[in-house]
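User: I'd like to learn how to read the features of a protein model, one at a time. Could you walk me through this one?

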Amino acid sequence: MVLERSTSEETVTGSFGSFICNVRPDHLSDVVRHRSKRMILDSIGVGLVGSTTHVFDIALRYCQEMYSSSFSSSTLVSSVYGRPELKLSPLLAAFVNGVAVHSMDFDDTWHPATHPSGAILPALLAVSQMVPPAASRPSGMDFLLAFNVGIEVQGRLMHFSSETHNIPKRFHPPSVVGTLGSAAATAKLLSLNATQCGHALAIAASLAGAPMANAATLAKPLHVGNATRLGLEATLLAARGMEANPLILDDIPGCSGFNAFYGDYQPRPLTLSANSHEFLLEKQDVAFKSFPAHLGMHWVVEAALSARNLLLNHSGSLSPSAIHTIVLRVPVSKYINRPFPESEHEARHSFQFNACTALLDGELSLRSFSNDNLHRQELTQLLSKVLVEHPKDNVANFDKMYAEVALILQNGDILTGRCDTFYGHWRRPLSRESLLRKFQTNASRVLPKDNIDKLVKTVDNLETLPDCSLLVSCL
């Protein structure tokens with residue numbers, strides 16, 4: 001039995017629907033605009049390089065083989081990362097582009113923990129091309145606002161539970177909050193009314209969720225691909241009259257809604273004042289990755305590089321045979337504790353692999369996760385020397401964790417490197433130069449320099465675009 005309320009605005013779900021519908025561009029501060037445009041640029045670059053991966057090829061081939069005869073040419077309007085000659089339906093383009101973004105685990109990470117951009121940007125890019133040219137297409141400012149709506153909804157939902165603050169154990173966060181974030185963002189870009197926005201969120205809740213057991217497998221990128229696609233699907237259904245529980249975000253005893261995903265769910269309304277709104281992105285920036293691996297790896301790599309420098313200064317050279325034991329002091333997190341990873345996806349989720357690769361090579365990069373590097377004899381020898389410890393004060397939380405790498409040498413000397421905040425973390429954000437270098441390196445795998453420069457300029461000036469689909473034209 002669904003409880004009745006006098007007006008939808010009095011409910012948590014109703015407040016979210018009202019916020020999505022009524023928030024305006026002038027609610028975006030300069031800080032939020034700046035940070036969100038950095039996120040958009042980084043996500044596009046990660047998606048472009050992701051279009052060169054095996055898992056992306058599988059997803060794209062599946063869509064082409066299973067659905068190519070199901071659509072008329074008039075519905076194949078949305079662009080695909082790394083395939084300038086190809087168009088898919090909006091839903092399928094969102095799906096494959098979402099898979100590309102998370103194919104290498106190279107996408108941004110927020111706190112509480114999720115990958116916010118990949119779950120919403122592919123859907124928005126697909127929608128931007130869905131509106132016929134003869135109609136009044138959304139502007140660049142409309143696009144930027146919709147993107148921030150999707151980010152904000154994800155953040156607010158995560159703040160309803162203390163479980164979300166730590167590295168996840170049950171559900172992969174973008175498959176949960178990302179699906180609703182995609183619904184919110186696309187509902188805003190397509191100008192759904194408040195009631196429809198609420199229904200889009202409720203429909204998306206029925207399409208959300210993926211288990212953490214599929215982390216470090218080829219299936220993990222599907223979590224982001226499905227989140228961005230299914231959120232858009234929820235919006236399109238709501239726009240056509242589909243309805244769902246109007247209390248989906250409220251905490252109703254005896255009838256689980258969104259609280260089914262969390263054990264300590266305490267929802268609060270998302271209010272919007274007439275003149276201002278403080279977006280969560282204003283207070284909490286995201287982390288950008290310098291190499292394609294789980295965020296936790298970035299602490300252990302910086303700690304390993306520090307220990308490596310100490311060894312070079314101590315011995316004058318790097319000799320793995322001089323190392324007796326490698327002690328990693330990291331938080332407890334089962335799915336990123338992998339002593340001998342057997343695939344690139346397991347390697348991206350292995351404290352041991354990333355620490356030892358940093359010790360051997362002095363860096364982590366795209367090529368670090370190739371099969372040739374993965375099965376090197378000297379790497380295997382180092383991995384066999386690793387001992388993992390979990391200090392009680394080192395919690396599995398991206399805002400509190402640290403990493404130490406201690407090298408116990410054959411002569412008994414101990415050299416210890418430590419990282420409390422890696423470069424790219426929200427406390428040590430990437431400079432514009434570093435972010436641009438990452439984007440240009442990633443994009444150059446599939447785009448010519450002129451297109452790359454045009455993309456940078458277009459994102460920088462996104463608010464001034466008369467038609468947001470111009471962003472996709474650079475791809």
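**Reading the model, feature by feature**

Analyst: Let's begin with a pair of facing residues: leucine 407 stands opposite leucine 415 in E6. This is a predicted model, in which local features need pLDDT of at least 70 and side-chain atom pairs count only at pLDDT 80 or more, while totals for chains, interfaces and linings use all residues. Residues are numbered from 1 along each chain as its sequence is written, and side-chain values use heavy atoms, with hydrogens and water left out.

User: How many bridges join strand E5 to E6, and which way do they run?

Analyst: Two strands pair if DSSP finds at least two bridges between them. Here, six bridges join E5 (residues 403-409) to E6, and the strands run antiparallel. They form a hairpin with four residues between them, and glycine 412 in the turn has a positive phi of about 95°.

User: What joins strand E1 to strand E2?

Analyst: Three bridges do, between E1 (residues 78-80) and E2 (residues 83-88), and these strands run antiparallel. Serine 78 is the residue opposite leucine 88 in E2. This hairpin has two residues between the strands, and glycine 82 takes a positive phi near 75°.

User: Where do residues other than glycine take a positive phi?

Analyst: Aspartate 105 is one case, with phi near 55°. Aspartate 105 lies in the loop between H4 and H5, and counts as buried at 3% relative accessibility. Alanine 216 is another, with phi near 65°. The loop between helix H8 (194-205) and helix H9 (220-239) holds alanine 216, which is buried with a relative accessible area of 4%.

User: Which peptide bond is cis?

Analyst: The bond from histidine 111 to proline 112 is cis, with omega near -5°. Proline 112 lies in the loop between H4 and H5.

User: Is threonine 114 buried or exposed, and what is it in contact with?

Analyst: Threonine 114 is buried, at a relative accessible area of 2%. The residue is placed in the loop between helix H4 (90-102) and helix H5 (121-130). Contact means heavy atoms within 4.5 Å. Leaving aside neighbours within four places in sequence, threonine 114 is in contact with Asp108, Thr109, Gln154, Met158, Pro173, Pro174 and Val177.

User: How far apart in sequence and in space are leucine 318 and leucine 359?

Analyst: They are 41 residues apart in sequence and 8.6 Å apart in space, C-alpha to C-alpha. Leucine 318 sits in the loop between helix H11 (296-315) and strand E3 (323-329), and is partly exposed with a relative accessible area of 27%. Not counting residues up to four places away in sequence, leucine 318 touches Arg308, Leu311, Leu312, Leu359 and Leu360.

User: What does asparagine 214 touch?

Analyst: With residues up to four places away in sequence not counted, asparagine 214 touches Ala219, Lys220 and His223. Asparagine 214 is found in the loop between H8 and H9 and is partly exposed, at a relative accessible area of 31%. Between asparagine 214 and phenylalanine 171 there are 43 residues in sequence terms and 9.8 Å in space, C-alpha to C-alpha.

User: Now the whole protein: how many helices and strands are there?

Analyst: Helices (H or I, at least four residues) and strands (E, at least two) are DSSP runs, numbered from the N terminus. The protein has 18 helices and six strands. Its radius of gyration is 23 Å, close to the 23 Å that the globule rule gives for 475 residues, so the protein is as compact as a globular protein of that length. That radius is taken over C-alpha atoms, and the rule is 2.2 Å times the number of residues to the power 0.38.

User: What share of the residues is buried, and what share of contacts joins residues at least 24 apart?

Analyst: Buried residues make up 58% of the 475. Among contacts between residues at least 6 apart in sequence, 78% join residues at least 24 apart.

Notes. Buried means under 20% relative accessible area, exposed over 50%, partly exposed in between (1.4 Å probe, protein chains only).
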